[in-house]
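Hi,

Here is the structure I said I would pass on. Have a look at it first, and then read on for what turned up in it.

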Amino acid sequence: MAIEFNNKVESYVNGLPEFQKTYFKEIPSWLSDIKNEAIKSFSKLGFPTPLDEDWRFTNLAPISRNSFQIASNGISEVNKESIDKFSIPSLDCHKLIFVNGRYVSDLSDIKSDADGIVIKSLKEALNSDKDLVEKHLGKYAEYKNDAFISLNTAYFEDGVFVYVPKSKIAEKPVYVLNISTNEEAQSLVNPRNLVIVEDNAEVKVVEHYVSTAQNVYLSNVVTEFVLGENANAEHYMLELESKKAFNISTLRIQQKRSSNIKSHSILLGGAIVRNNVHPVLNGEGCNSDIFGLYLPKDRQHMDNFMRVEHASPHCDSRQFYNGILDDKARGVFHGRIVVHEGAMLTDAKQTNRNLLLSDTAQIDTKPQLEIYNYDVKCTHGATIGQMDDEAIFYLKSRGIPNKEARRIMLQSFTNETLESMSLEPVRESMENLILEWFEESFANK
Amino acid sequence: MLEIRNLHVKVEDKEILKGLNLTVNKGEIHSIMGPNGSGKSTLSQVLAGKDAYEVTDGEVIFNGKDLLELDPEDRACEGIFLAFQYPVEIPGVANTYLLREALNAKRKYNDLKPLKHVEFGKLAREKMKDLEIDESFLKRSVNEGFSGGEKKRNEIFQMQILEPSLAILDETDSGLDIDALQVVAKGVNSMKSPDRSFLIITHYQRLLNYIVPDYVHVIYDGQIVKSGGKELAFELEEKGYGWIEEEKAAKV
Amino acid sequence: MSDFHKVAPTSEIEEGEIKSFIVESEIVAVCKVDGEYYAFKDECSHQTLPLSDGDIQGEIVTCCYHGAEFNVKTGEALCLPATDPIEIFEVKIENDEIFVKLG
């Protein structure tokens with residue numbers, strides 16, 4: 001029996017028992033408890049409305065009033081060739097393939113890596129690495145106050161599980177490809193990822209969202225990163241969903257002393273996209289660098305929501321977000337920096353730059369500082385502009401044709417964020433996609 | 001080579017150039033001097049093709065072609081080069097990238113094959129040595145974080161790579177100390193040739209000690225009001241621009 | 001033609017009435033004024049609240065939340081608190097069915 005959801009919150013509540021029965025043979029009681037708690041939260045919260053301050057610029061009615069169902073299998077649509085088509089060329093990596101939120105081991109390729117490192121589907125890890133999963137899952141991404149996290153927690157079926165023990169360094173990046181297939185009904189997928197990086201350990205994780213058809217579905221993603229002391233991690237969110245799809249994602253990072261996270265979000269697909277990044281710098285000397293690039297066009301809506309929490313002294317955070325908006329697209333940058341009591345000598349910096357390529361594109365940018373402390377350095381700056389005519393003229397006066405000059409200018413703008421990527425093949429692949437974006441944009445003018 | 005006839009130019013409804021005439025022959029160095037607001041920079045920007053300027057009358061013939069009909073990029077490929085008074089900073093675009101793109105655009109325009117990376121590198125390094133530019137320069141973003149002197153040297157460097165037939169230097173000397181000025185002058189002098197002309201726009205006579213012009217013109221209120229040899233520049237330096245104004249007022 | 005999406009039979013919307021529909025990933029309000037059907041994004045340009053909760057008077061829709069008014073034919077914002085227009089969708093009637101074109 002299909003598990004279906006409509007515009008009533010109860011439909012989400014009613015579907016859960018059937019969901020647990022259908023998709024978990026034997027669900028551990030602790031997990032079942034969490035899921036039941038989560039759906040209770042969701043039924044209380046409901047989907048956010050424009051009256052909710054954190055959702056002021058993003059209208060979720062197209063999601064809350066829509067109907068979805070838990071996706072059927074859809075694996076038959078995907079094979080080795082289609083995987084190759086979507087994957088990042090020449091990225092030497094552990095490859096995990098998820099189709100409509102379900103792990104496909106036959107198409108995945110997990111290689112050997114340093115001793116003790118575990119890379120597998122979360123569903124498998126529920127048995128094999130029970131203690132670790134139970135200890136961490138749902139402990140950071142708080143489902144009590146967030147509708148989408150609660151919905152994900154209740155309805156997640158699978159995702160990636162990564163465990164890097166003390167002082168180990170994952171030699172290859174973990175690449176997670178999520179493919180949505182052309183379902184008859186609109187599907188709801190809830191990928192759930194857990195990445196545990198112990199003291200002095202290191203790992204890179206790439207999340208990549210694509211679809212085989214331009215159809216309507218909802219990807220509701222939650223990823224928890226747990227960083228031990230002096231741990232180093234890099235995260236990539238490559239969002240290339242169907243132009244009619246919804247993608248809501250939350251990256252929740254918990255940092256211990258002297259740990260470093262670098263996160264990159266590239267938003268290209270989707271009708272309505274919300275990208276939440278929420279690091280908590282909970283230990284002295286942490287570093288959190290968050291980069292983002294969003295390129296909505298046509299009627300796309302992309303909302304970047306940052307919440308950077310400084311909970312300990314001597315921590316540095318950087319938010320660096322660039323957006324290029326064309327046609328009737330809308331963008332949102334909402335950057336909140338919270339400096340808790342006791343987090344002295346905090347250095348938090350936020351930059352958001354936007355280029356509007358059409359008169360009908362729109363951006364709302366909203367920095368927000370909450371400081372419960374003294375002796376902190378917080379800066380923020382936002383710019384909104386058109387392409388710099390002076391610079392275009394400079395390039396043209398050197399013999400570079402108009403179109404080329406415009407491309408160079410846009411590229412220079414996107415390079416500011418892409419440059420921070422350490423995985424060269426990922427950067428190259430994104431650069432190529434962005435070039436196509438530019439070409440399309442120019443062709444329509 | 002360059003023939004400007006009765007050029008009238010407006011910016012935002014204000015007439016800046018009011019019937020300017022100038023002829024520059026192959027291999028000649030012309031200097032244009034004048035007080036602030038006389039139209040010096042407007043002339044250079046109009047020749048390079050900036051679209052904020054509206055040409056209301058007159059014509060500009062460059063090597064037999066109607067220059068005003070050409071896009072800025074085509075003018076560059078035809079051999080015009082403008083060294084900007086205020087070179088633009090372009091973060092995220094490496095100097096070497098801009099130069100290679102520019103050079104190859106020009107070569108393509110003239111039906112030449114693009115230069116290979118290695119060949120380009122060799123060419124660039126050669127020129128950089130003469131201009132006392134550090135190797136790291138190629139990788140840096142265009143003019144980003146450059147000092148005033150570095151920016152001007154970069155303009156001359158670009159000119160050397162692109163080898164224009166008409167180089168327009170718009171107040172390239174302004175704001176330079178004497179050492180930087182000499183380096184710039186050396187760069188220009190090394191490019192003198194019977195096939196290349198220069199239009200040197202300046203506020204001060206100082207640069208002309210190092211780059212000797214064949215002709216000096218004084219621009220005032222949108223017209224060339226006086227022309228002469230290099231001695232005119234000394235006269236201006238000594239007396240200032242006041243006497244030009246008086247002379248012009250007397251005529252009216 | 002493929003850009004048009006079937007929304008509802010014409011009989012579903014009465015004169016002077018306004019109704020909201022989900023079309024793919026978009027919310028669309030459809031109303032009937034003087035026998036003609038008009039469609040627009042069901043979202044007030046002021047605070048993204050649904051316009052379909054409001055009233056239609058002639059060709060003017062009034063947002064019931066903060067009183068903003070828009071012309072349903074042109075999308076033009078007619079009074080504060082709205083300043084930006086709303087998005088208008090093309091409408092087509094075929095065999096007594098209403099179709100709208102997104103984008």
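Helix α8 of chain A, residues 389-396, has six of its eight residues buried, so the rest of the structure largely encloses it. Buried here means under 20% relative accessible area, with exposed meaning over 50% and partly exposed anything in between (1.4 Å probe, protein chains only). Helices (H or I, at least four residues) and strands (E, at least two) are DSSP runs, numbered from the N terminus. The buried residues of α8(A) are A391(A), I392(A), F393(A), Y394(A), L395(A) and K396(A).

Before the rest, some housekeeping. This is a predicted model, where local features need pLDDT of at least 70 and side-chain atom pairs count only at pLDDT 80 or more, while totals for chains, interfaces and linings use all residues. Residues are numbered from 1 along each chain as its sequence is written, chains are lettered from A and ligands numbered from 1 in the order in which they are written, and side-chain values use heavy atoms, with hydrogens and water left out.

K366(A) sits in strand β21, residues 362-371, and is buried at 17% relative accessible area. Its side chain makes a polar contact of 2.8 Å with the side chain of E53(A). A polar contact is a pair of N or O atoms within 3.5 Å; within protein, one must be able to donate a hydrogen and the other to accept it, and residues adjacent in sequence count only if both atoms are side-chain atoms. Setting aside neighbours within four places in sequence, K366(A) is in contact with E53(A), R56(A), F57(A), F333(A), H334(A) and G335(A). Contact means heavy atoms within 4.5 Å.

The other residue is N190(A), in the loop between β8 (187-189) and β9 (192-197) of chain A. N190(A) is buried, with a relative accessible area of 4%. Its side chain and that of N220(A) are joined by a polar contact of 3.1 Å. Not counting residues up to four places away in sequence, N190(A) touches N220(A) along with L151(A), N152(A), Y155(A), F156(A), E157(A) and D158(A).

How do the chains meet? Two pairs of chains are in contact, and chains A and B share the most contacts. Chains B and C do not touch, and their nearest C-alpha atoms are 29 Å apart.

Now for chain B. Its secondary structure comes to eight helices and 12 strands. The radius of gyration of chain B is 18 Å, close to the 18 Å that the globule rule gives for 252 residues, so chain B is as compact as a globular protein of that length. That radius is taken over C-alpha atoms, and the globule rule is 2.2 Å times the number of residues to the power 0.38. The C-alpha trace of chain B spans about 60 × 40 × 35 Å along its principal axes, and 54% of its 252 residues count as buried. Of the contacts in chain B between residues at least 6 apart in sequence, 70% join residues at least 24 apart.

Chain C has zero helices and 10 strands. Its radius of gyration is 13 Å, close to the 13 Å from the globule rule for 103 residues, so chain C is as compact as a globular protein of that length. Its C-alpha atoms fill a box of roughly 40 × 25 × 20 Å, taken along the principal axes. In chain C, 48% of the 103 residues count as buried, and residues 24 or more positions apart account for 38% of the contacts with a separation of 6 or more.

F99(C) counts as buried at 14% relative accessibility. The C-alpha atoms of F99(C) and P9(C) are separated by 9.1 Å, although the two are 90 residues apart along the chain. Leaving out residues up to four places away in sequence, F99(C) touches F4(C), H5(C), K6(C), E90(C), V91(C), K92(C) and E94(C).

Cheers
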